[in-house]
Amino acid sequence: MDRRTLLRGAAASASAHALLPAPGARAAVRATADYPSAKWVPASSANFTASSRPSSYPVRYVVVHVTQETYADTLGIFRNPAKRVSAHYVVRSSDGHVAQCVRERDIAWHAGNWNYNTWSIGIEHEGWVDRPAYFTHAMYVRSAALTASVCDRYGIPKDRAHIIAHSEVPGATHSDPGPLWDWVRYIRLVNFA
Ligand SMILES: [Zn+2]
């Protein structure tokens, strides 16, 4: 790394720091994920609302999504400030690899309902609602482990009243994860993760 690159990096982290609310600044500057096995792939700051959950809002739900995009395209959308959309996590179909794009303390824009955005962690799964081949065992297992971790850390019951479909959010205009998502298997995996 040359001197110019170092300076640019220092300027970038200084400006990132300046944008953050003081109480969470130290934690938020850390370039690591909240969920230890996730890879930190940050969304554009234009695509979520900075917050300090769970003190600002309680975290009561996990909202399950299917992307209708590839894993790579989904991460690209979340990085694009024009898209105005994000989720906390994206799980890859082929191997269940997890990317974190928004800090859990912050409010991702995924549910299409402001209150539910404030109360939830959004998890996107790579695939399409009508292509069940994308819903691999690896994706179910690794997503369930992530959801179990979220539930444990915020005291969320591991049931269908609290681990909900995007389509179940009041006012939702999306149908994901759709009728081919195996909820019985998923909830069982969450409870035995
Ligand atoms: Zn969705």
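In which sense, left-handed or right-handed, does helix 5 pass helix 6? The crossing of helix 5 over helix 6 is right-handed, where a crossing counts as left-handed if the near helix is turned anticlockwise from the far one by less than a right angle, and as right-handed if clockwise. This result, like those below, comes from a predicted model, in which local features need pLDDT of at least 70, side-chain atom pairs count only at pLDDT 80 or more, and totals for chains, interfaces and linings use all residues. Residues are numbered from 1 along each chain as its sequence is written.

The chain contains six helices and eight strands, taken as DSSP runs numbered from the N terminus (helices: H or I, at least four residues; strands: E, at least two). Their order along the sequence is α-α-β-β-β-α-β-β-β-α-β-α-β-α. Of the 193 residues, 37% are buried. A residue is termed buried if 20 or more other C-beta atoms lie within 10 Å of its own, exposed if 12 or fewer, and partly exposed in between, with C-beta atoms placed from the backbone. Contacts are pairs of residues whose C-beta atoms, placed from the backbone, lie within 7 Å. Among contacts between residues at least 6 apart in sequence, 73% join residues at least 24 apart.

Six strands form an open sheet of mixed pairing in the order 1-5-4-7-3-8; two strands are paired if DSSP finds at least two bridges between them. Strand 1 and strand 8 (163-165) lie at the edges with a single partner strand each, so one side of each has no neighbour in the sheet. Helix 5 packs on this sheet and touches strand 3, strand 4, strand 5 (98-100), strand 7 and strand 8. The direction of helix 5 makes about 175° with that of strand 7, with axes fitted as lines to C-alpha atoms (for helices over the stretch in contact) and angles running from 0 to 180 degrees between N-to-C directions.

Strand 7 pairs in the parallel sense with strand 3 (residues 61-66) over six bridges, and Val 62 stands opposite Ile 121. Strand 4 (residues 89-91) also runs parallel to strand 7, joined by three bridges, with Val 91 and His 125 as bridge partners. All six residues of strand 7 (residues 120-125) are buried, so the strand is largely enclosed by the rest of the structure. In a regular strand the side chains alternate between the two faces of the sheet. Here Ser 120, Gly 122 and Glu 124 point one way, and Ile 121, Ile 123 and His 125 the other.

Helix 5 and helix 6 pack with their axes 8 Å apart, at an angle of about 55°. Helix 5 is therefore oblique to helix 6, given that angles under 35 degrees count as roughly parallel, over 145 as roughly antiparallel, 65 to 115 as roughly perpendicular and the rest as oblique. On the helix 5 side, Tyr 140, Val 141, Ala 144, Thr 147, Ala 148 and Cys 151 meet Arg 185, Tyr 186, Leu 189 and Val 190 of helix 6.

Several loop residues have backbone features of note. The peptide bond from Arg 53 to Pro 54 is cis, with omega near 5°, and Pro 54 lies in the loop between strand 2 and strand 3. A cis bond, again with omega near 5°, joins Asp 176 to Pro 177, in the loop between strand 8 and helix 6 (183-192) for Pro 177. Gln 68, which is not a glycine, has a positive phi near 60°. Gln 68 sits in the loop between strand 3 and helix 3 (71-79) and is partly exposed, with 18 C-beta neighbours inside 10 Å. Arg 84 likewise has a positive phi, of about 55°; its place is the loop between helix 3 and strand 4, and with 12 other C-beta atoms within 10 Å it is exposed.

Technical notes. Contact = placed C-beta atoms within 7 Å.
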